[in-house]
Each structure stands twice: as structure tokens, then as C-alpha cells.
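Welcome! Open the model in your viewer, keep the selection tool handy, and follow along stop by stop.

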Amino acid sequence: MKHGMAQRPSPLATAAAAGGSSVAKAMRFLLLLLGLAIVIQSTWVVHARPQDLITGVDGMADIIRRAMPPDFSTLPDQIWPTLETIDIAIFGTLAGVIMAAPLAVLAAANVTPSRTLYYIARGIIGFTRAVPDLVWALLFVTAVGLGPFPGALALSVHSIGMLGRLFAEVIEQMDMAPVEALALTGARRMQVFTHSVVPSVLPSLLGISLYRLDENIRSSLVLGFVGAGGIGFQLLTAMNLFQYQEVSLLLIIIFIVVITAERISAILRARLG
Amino acid sequence: MLKVTRLSLCYPNGKQALSDVDLDVKTGELVIVLGGNGSGKTTLLRCIARTLAPTAGQVWVDGTELTRLAGEKLRRARMALAMISQHASLVRRRSVIANVATGALGHYADWWTAFGGLPAGERTLAMDYLNEVGLVELAAQRASTLSGGQAQRVAIARALAQRPRALLADEPVASLDPEAAEDIMCLLKRLAKADNLAVLCVLHQVELAYNHADRVVGIRDGRIAFDLPREDLSRDAVRGLYLSEAA
């Protein structure tokens, strides 16, 4: 009897639950309205006019017609810029990893040696990540001139931010029990770091680095548009000269490079797992 | 070998976790600490290992008083005191032998070990320690592939690699099945005798204490309730430790 009474909700509780439910419904409706307002304002700001797409079909068809067939006679000339593009990404990723790793250690709350260094490292990581790689490329082109080197520098600096943040997150999420266990054996700080932190997080860091390399290959294609070398520069030149058949060849090369990099990166990451 | 005198710990919120604890563990002795949840068993071990700083009292290990030490001196002194816990806390991606050999890192101060290398001689010694815990055939295996009991044995081998004089074990069998728990307790008892270790072990399993301890210490509300040879331990004394919890 007592048990049954305990299960029956009191009138006060029922009223409170009903009140809570109507408030929740009103909140959901408000959120829906807010979402709708955001979609409408973004459509208005970008001047979205679907009819322009329909009227522009002729122009696009004309460009595609002029781009066919791809001009394979220029293929030998594209090998070097393609290699340049890949090498910009490799250099950018490697330099980024080398600089991001120590910064990530300083920026990981659980292993940082001091709070001041933590905030400095977080600041550097935040700044290098916030400035887009294209802007870094423009700055480095101004500083060191046209060519692949400013592109590689731009990717390096931007990678510091992107990798540093992810590396720091991996370190912060690691299981600290083995670290504490090793520290208790009397191992020195550096030994604890290299013998327990590094082996625990290394596969994740390598996986992230490979993913970054894959991203950097795509980014290095675009960097050529601002004079930072590689196949992007060839693409811009061909478009400016209305050589659409060469453009289509370059797009095929870009497609092959991107897909190949993506596959290799995925296979290597799967092996690390 | 391991001596604790008038050890007390009062938390900043005023909670008295330990009060005037006196304890003496001799070489070759296995002392088991029993007590209810929150009685202060683990706090006692953490104060001895100095992962918690006691507010009063002294901890002597092999003639060195630990509570006054800090920094490098504490690190050196701590090497005489190994600790294992409920979870083996191995580096899962490293091999068993590498995990064991890392127990000796504190004895080295060279660049090779600072940058991830293991001293060659320690690998040979690690095989000996693995032999002692009966896992030499798993030396090359990754730590992530071990069962709970095997992992705990490897943690014990790592503790031996540290070449300690005393071993603290904080509920080392809490996550093991009864058979594995029995194996680990037999191993701890054997090591205490064979390696001349002073072993202080916190347990919840009263039967294991009856079967393996040389002495049993009961803790209740942060105070020593009894400290008796196993033979003199009565069921009533043990029941008294858990009475407040049952109520």
C-alpha cells in the first residue's frame, strides 16, 4: 500500500511537470524560428538567385566544350609543377609537425611545465591557426618572392596551429595512469615523458600528421593562385590565357593527386590504428 | 624497513583523513591493511609514497625519512619504494619487456634514456623479473594484449625492476577474478620472502588477508583499530571495521 502511494505522483508534481513541458515546447518553437531566421538572412546576404544558375548553364557548357578534349601534349610540362605541389605539402607538413609537437606539449594542460608557457603556446597555436594559409602565402610571397618556398612556409606556419591544437587535445585526453606509475618509480621528468607520454600518443599524432599532409596537398594547389608555385600557378596561368584544354588536363592531374594522397593517407592511418 | 610514526593528514576542508598512524613493516613481511570504504587505507599508502603530503608524522624507508624531502632528494629516496595499484597502468602500446625495463629508469641520468632508449643491461634484468613473475614467454608481446592478471604481474615485475626495498600495493587484486587474485597474493608473499621486500598491501578481501598476511592492520576512521599477527586475528575484530559501513 505504502509502495503504491509512493509511486503515484503528487498533484503539485504533475502541475510542475505540465508547466515545464509547455515551457520546453515554447523553447523548441523559438529555436525553430531562430534557425529559420538564420537560414533566411544568409540567403539574403549572399544574394542567392537560383535562376542565375539556370541562365548561366549556357556559359558553363561553352567552357566545358572548349575544355574538351584535354590537351595531353602539355603533360610533360606539368610533371615538375605537380611534384612541386606535392613537395610544398610534404615540406609544410614536416616543418609544421616539428614545430607543433613541442608547442603542443606546452599547450597540453596535463603535461605543461608551467601555466605561463601554457598560455604562450596556446596563443601561438591560436594565432597561426586563425590566419588562413592563403593569407600566410601572400605575406611570404611579399617577403621571399614568388615560387614554391613561400607556399611551403605558409603551409608550415598554418600547420603549426592546426596540428598544435589537435596534438594538444590528444595529449590532454591520454590515460595519465601509466604516466603517474612511471613517475612513482623515480624516473626523471624527461624519461617519464619519452617513455610513457610519447609511446601512448605517437600513433594518434602520426595519424593526425598524415591527415594534415593530405589536407596540405589540397591547400598547396590553391596557394599557386597567389604566386606560391606548384600546379595551382599553372592552372591560374592557363585560365588567364583561356587555354581551357590545358585547364582540363590540370584538373585531371589535380583529381589524381588528391585522390591518391587521400587513399595513401587513409591506408597508412588504418595501419597505425 | 618501512616505518610510519604518528602519521596524520587533515584536508583543507577540515576532514581528518589519518590520525596518528603508527606502522612498522619489516623486511620479508607481508602486512595487509583492511578497512571499510573511506577509512583511510589508500590515503595511508599515498602519504607513504608522498603523492599526498601528510600534515604530521614521519615515514621512514630504509633509514631515510621521506616527509621532509622534496625535489631531487625525494625522487631518489622514492626509488626504494615501489607502488602498484588496482590497475596495472602499463603503457599499452609498448612491449611487456619494455614496460618492465622502464621501472629502472630512475637509476639512469643519461641522454639515451632521456630520449626514449632503454639501457641494454636492463632488458636482461627485465627478463629475470619476468621470470620471477612467471611471464617470461610474454616478453615480446604488447601490453595491450594481456589479461588483467597478467598485466598486474607485469606491473609487479616493473616494480621489481625499480630495485625497491619496500612495496606498496593498493588493492592490487580488486579487478581480478578469484583465481588470479590468489595468484597475485601468493606472488607478493613469495617476493616478500625471496627478495627481502617489506610489502604493505591494502585489500578488501578479508579471506585473502587470512590466507596470506603475516600481519593484518585494521583501519577505521583514519586510525589504526588493530595491528595483529594473522594467527591472532579474530572475525569479530574484522567485523568491527565494517560495522559503521553496514549501519
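Helices (H or I, at least four residues) and strands (E, at least two) are DSSP runs, numbered from the N terminus. This is a predicted model, in which local features need pLDDT of at least 70 and side-chain atom pairs count only at pLDDT 80 or more, while totals for chains, interfaces and linings use all residues. Residues are numbered from 1 along each chain as its sequence is written, and chains are lettered from A and ligands numbered from 1 in the order in which they are written.

**Stop 1: chain A**

Select chain A and colour by secondary structure. You will find 12 helices and zero strands. Next, look at its extent: the C-alpha atoms fill a box of roughly 90 × 65 × 35 Å along the principal axes. Chain A has a radius of gyration of 27 Å, whereas a compact globule of 273 residues would have one near 19 Å. That radius is taken over C-alpha atoms, and the globule rule is 2.2 Å times the number of residues to the power 0.38.

How much of chain A is buried? Of its 273 residues, 35% count as buried. Here a residue is buried if 20 or more other C-beta atoms lie within 10 Å of its own, exposed if 12 or fewer, and partly exposed in between, with C-beta atoms placed from the backbone.

**Stop 2: where the chains meet**

Show both chains. Two residues are in contact if their C-beta atoms, placed from the backbone, lie within 7 Å. By that rule, 23 residues of chain B are in contact with 18 residues of chain A. On the chain B side, α2 (71-78), β6 (81-84) and α4 (111-114) each give two or more residues. The largest share, three residues, comes from α2(B).

**Stop 3: the sheet of chain B**

Now hide chain A. Two strands pair if DSSP finds at least two bridges between them. Six strands of chain B form an open sheet with mixed pairing, in the order β6-β7-β8-β3-β9-β10. β6 and β10 of chain B stand at the edges with a single partner strand each, so one side of each has no neighbour in the sheet.

Zoom in on β7 (residues 166-170) and β8 (residues 198-202) of chain B, which run parallel and are joined by five bridges. B:A166 has B:A198 in β8(B) as its bridge partner.

Move on to β9 (residues 215-220) of chain B. Why is this strand largely enclosed by the rest of the structure? Five of the six residues of β9(B) are buried, so the rest of the structure largely encloses the strand. On one pairing, β9(B) runs parallel to β3 (residues 30-35) of chain B over five bridges, and B:G35 stands opposite B:I219. In another, β9(B) is antiparallel to β10 (residues 223-229) of chain B, with six bridges; here B:R220 stands opposite B:R223. The hairpin of β9(B) and β10(B) has two residues between the strands, and B:D221 takes a positive phi near 50° there.

**Stop 4: the core**

Bring chain A back. A nonpolar core is a set of buried Ala, Val, Leu, Ile, Met, Phe, Trp, Tyr and Cys residues joined through C-beta atoms within 7 Å. The largest one has 136 residues, and those touching the most other members include B:I32, B:A166 and B:C201. Helix α8 (residues 148-173) of chain A gives the most to this core, with 12 residues.

Finish by selecting B:C201. Not counting residues up to four places away in sequence, B:C201 touches B:L30, B:I32, B:V33, B:A169, B:P172 and B:L188.
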